[in-house]
Amino acid sequence: MFKLCIIGSSEIIPLHINAAIKNNFELHSISSLNYNSLNAKKIKKKYKINKFYPDWKKCINESSQIDNICFLVAPKIEDTIKVLNYIAKYNKPTLVEKPISYDLKRFNKIKNKKNFVGYNRIFYRTVNYIKTEIKKKNFPKKVLVNVLCPETNAKKFVSNSCHIISILIYLFGNLNLKYKKFNNKIISCYLENKKAIINLSIAFNTPSNFKIEIFSNKTYFNLTPIEELREYKMLKKIKKKNLNFYKPIMCKYIDDYDKNTKPGFDYQYKLFKKFCKNQKTNIHNSMAFAKKVISLCEKIVK
């Protein structure tokens, strides 16, 4: 059984813990960058974690001596690389929360490149259904994609909407930014590669859900919100007041809601366990992947 040492005490930590417990990780220890953190103490008590450390460095030093130890690193984004580099000298498996850094240049300062990055949305059933469809021989060589990201500001786009960029890269591969237009209310982008033409819009302070629409040959995929997939293949003619209207007919619906774990977290921890075992498996959410995501985010908002 793998033992988990947690560095961080934010609201995301309990969501990680629920998925870790479901996948039989033992909760060994917890600490925070805030010395003697009250939040970390509360989490320790609630989840009956074996040890609490007031000092995060001592927590890492002592926990690293335990057999089958692995780390969850989820402090403030500004502190993430500092923690990763401290763990690096022990060469232990580490799941680190995205986006790791707002600044692409700081990625070059990370000593341990073998971290498992928490882009949980690429593990959604909704996303992976589309991934499977894309791999089919009859899927069009190039599709049109519309994306909407409602955000509060450009910095929030990097820390939050990076999930959307991770999905696009996961589905279609590396993307080139061909065009960008922006003001203080919107950013409009045109991205392209051999598989997709993507129109991406960032609308600041707009009351809307995140949306990804994929238009392929005779098929329309709608992810709105991203946790819900609707697939359409036909139109139905409807008459109203002697006028013809056409309504898409949904042929498939998939959602990724789970009352016990945050969407994508269960499978993320299943794969992290394989990562800890050094099993040969296709890890998409590597450090190289995380770097690609932030690189494209920077190009879009800077």
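A nonpolar core is a set of buried Ala, Val, Leu, Ile, Met, Phe, Trp, Tyr and Cys residues joined through side-chain atoms within 4.5 Å. Buried means under 20% relative accessible area, exposed over 50%, and partly exposed in between, with a 1.4 Å probe and protein chains only. This is a predicted model, in which local features need pLDDT of at least 70 and side-chain atom pairs count only at pLDDT 80 or more, while totals for chains, interfaces and linings use all residues. Residues are numbered from 1 along each chain as its sequence is written, and side-chain values use heavy atoms, with hydrogens and water left out.

**Stop 1: the core**

Select Ile100, Val145, Ile165, Leu168, Phe172, Ile198 and Ile212. Within the largest nonpolar core, which has 93 residues, these touch the most other members. Next, colour helix H6 (residues 154–172), which supplies the largest share of this core, eleven residues. Helices (H or I, at least four residues) and strands (E, at least two) are DSSP runs, numbered from the N terminus.

Now centre on Leu168. Which residues is Leu168 in contact with, leaving aside its neighbours within four places in sequence? They are Val145, Val147, Gly173, Leu175, Ile198, Leu200 and Ile212; contact here means heavy atoms within 4.5 Å.

**Stop 2: the eight-stranded sheet**

Display the strands from E7 to E14. They form an open sheet of eight strands with mixed pairing, in the order E8-E9-E10-E7-E11-E12-E13-E14. Two strands pair if DSSP finds at least two bridges between them. At the edges are strand E8 (176–182) and strand E14 (243–255), each of which pairs on one side only. On average, neighbouring strands of this sheet are turned by 20 degrees against each other, direction ignored. Axes are lines fitted to C-alpha atoms, for helices over the stretch in contact, and angles run from 0 to 180 degrees between N-to-C directions.

Within the sheet, select strand E7 (residues 143–151) and strand E11 (residues 211–216), which run antiparallel and are joined by five bridges. Leu144 stands opposite Phe215 in E11.

**Stop 3: two hairpins**

Move to strand E12 (residues 219–223) and strand E13 (residues 228–240), an antiparallel pair with four bridges. E12 and E13 form a hairpin with four residues between them, and Leu223 stands opposite Leu229 in E13. Continue to E14, which runs antiparallel to E13 and is joined to E13 by twelve bridges. Here Leu235 faces Pro248 in E14. The hairpin of E13 and E14 has two residues between the strands, and Lys241 in the turn has a positive phi of about 55 degrees.

**Stop 4: the six-stranded sheet**

Select the strands from E1 to E6, which form an open sheet with parallel pairing in the order E3-E2-E1-E4-E5-E6. Strand E3 (51–52) and strand E6 (116–118) each have a single partner strand, so one side of each is left without a neighbour in the sheet. Strand E2 (residues 26–31) runs parallel to E3 and is joined to E3 by two bridges; Ile30 stands opposite Phe52 in E3.

**Stop 5: salt bridges**

A salt bridge is a side-chain nitrogen of Lys or Arg within 4 Å of a carboxyl oxygen of Asp or Glu, and the structure holds eleven of them. Begin with Lys22 and Asp266, whose closest N and O atoms are 3.4 Å apart. This pair links distant parts of the chain, with Lys22 in helix H1 (residues 12–22) and Asp266 in helix H7 (residues 265–276), 244 residues apart. Lys22 counts as partly exposed because its relative accessibility is 39%, whereas Asp266, at 17%, counts as buried.

Next, select Glu298 and Lys302, a salt bridge with the closest N and O atoms 3.6 Å apart. Glu298 is buried at 14% relative accessibility, while Lys302 is exposed at 62%.

**Stop 6: cysteines**

How many disulfides does a search of the whole structure find? It finds zero, a disulfide being a pair of cysteine sulfur atoms within 2.5 Å. Select Cys59, whose nearest cysteine sulfur, that of Cys5, is 3.5 Å away. Cys59 counts as buried because its relative accessibility is 0%.
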